[in-house]
Amino acid sequence: MLQLVRSNRGVSVLALGIFLALSLSLVGALAQGGPATVGVDESDVYGAYLVDGGGMSLYLFLDDSPGESACYDACASAWPPLLTEGDVIAAEGVDASLLGTTERTDGTVQVTYGGWPLYTFVRDDAAGDVVGQGVNDVWYLVDPSGEGIGIAASEDEGATFAAFMDLGARVYSRHCAVCHGDEGNQALASHTAILDGYRRLNDASRTVRAIVNGRGYMPAAGADLTDEEVAAVATFVRNSWSNDHGLVSLEEVEAVR
Ligand code: HEC
């Protein structure tokens, strides 16, 4: 009996301890209290990039103006601004002279870096997640010099994609539509060749090989088309109608030829 009482008390002391610890961390989280910390993490793909005090990735928003956030309401729910009370703490690797703050319309204070207001992304679950990188071509990780990471590359890729879709449409109507149909949904009598919704198109190199070397009843087009035309028409069929499989690069075509 005595034993039972003692262990009960042990349990309730432990529970009280857990309760106190939880309430303290909850209060901390709710108030976002105190100064924010900006640090640096390293990724194999993106190199050095800024993170908050908990190691979560920080992003800039290309629609912002220097020192002024344009992200409110639904935007700010998806991309919570990095808020601070008092001076921002620069962890190792961060250029403290680039840190600053901007006041939001609700009076809270957001951290800036090189003038860019900083944000986290709700779909990043843990330190090291970079789910927000490149989203809508306006959200980018920030390097320690204050530049968005990968902006130029994605602009280049966007330009190539648009040019390939354009050229690809012309190649398609000249060489392919006769069998596959203008809408990619024409079935040949003996062999199905419906490209709209054809899931094997997700395999870029298989698609390129079919175009270059032919496949079954489909004639080889390799001799008639340049590498660029092959990449363009492959990009076109992979991203027309209901298809959405992304760019086929010139390098991928060269690898097949
Ligand atoms: C003479 C008719 C004909 C022409 C012209 C033609 N195709 Fe095809 N294509 C077919 C047929 C038939 C198939 C199904 C092949 C099979 O698997 O037997 C096919 C299959 C494909 C596939 C799927 C290959 C796979 O991975 O299974 C792609 C991609 C494709 N064609 C793209 C093109 C493109 C791009 C062009 C123009 C450059 C083109 N085709 C021209 C008849 C044609």
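The chain of this predicted model has an average pLDDT of 88, and 86% of its residues score at least 70; pLDDT is the predictor's confidence in each residue, from 0 to 100. Over residues 1-31 the pLDDT stays under 50, and the model has two contacts beyond four places in sequence for this stretch, a contact being heavy atoms within 4.5 Å. Because the model is predicted, local features need pLDDT of at least 70 and side-chain atom pairs count only at pLDDT 80 or more, while totals for chains, interfaces and linings use all residues. Residues are numbered from 1 along each chain as its sequence is written, and side-chain values use heavy atoms, with hydrogens and water left out.

Helices (H or I, at least four residues) and strands (E, at least two) are DSSP runs, numbered from the N terminus. Two strands are taken to pair if DSSP finds at least two bridges between them. Strands of a sheet pair through backbone hydrogen bonds, either parallel or antiparallel.

Strand β1, residues 37-43, pairs with β2 in the antiparallel sense over six bridges. Within this pairing, Gly39 stands opposite Val51 of β2, and Ser43 has Gly47 in β2 as its bridge partner. The two strands β1 and β2 are joined by a hairpin through three residues.

Strands β5 and β6 run antiparallel and are joined by five bridges; the bridge partner of Leu99 in β6 is Tyr113. These two strands form a hairpin with five residues between them, and in the turn Gly107 has a positive phi of about 90°. Strand β6 (residues 109-113) is also joined to β7 by two bridges, again in antiparallel fashion. In that pairing Tyr113 has Trp116 of β7 as its bridge partner.

Helix packing was described by axes, which are lines fitted to C-alpha atoms, for helices over the stretch in contact, with angles running from 0 to 180 degrees between N-to-C directions. Helix α3 (residues 151-175) crosses α6 at roughly 90°, and their axes come within 7 Å. The helices α3 and α6 are therefore roughly perpendicular to each other; angles under 35 degrees count as roughly parallel, over 145 as roughly antiparallel, 65 to 115 as roughly perpendicular and the rest as oblique. Among the residues making the contact are Phe161, Phe164 and Met165 of α3 and Val233, Phe236 and Val237 of α6. By class, the contact of α3 with α6 comprises 12 nonpolar, two polar and three charged residues. Ala, Val, Leu, Ile, Met, Phe, Trp, Tyr, Cys and Pro count as nonpolar, Asp, Glu, Lys and Arg as charged, and the others, Gly among them, as polar.

Helix α6 (residues 227-238) also packs with helix α5 (residues 204-213), at an angle of about 120° and with the axes 10 Å apart. This angle makes α5 oblique to α6. The contact is made by Ala204, Thr207, Val208, Ile211 and Val212 of α5 together with Val230, Val233, Ala234, Val237 and Arg238 of α6. Eight nonpolar, one polar and one charged residues make up the contact of α5 with α6.
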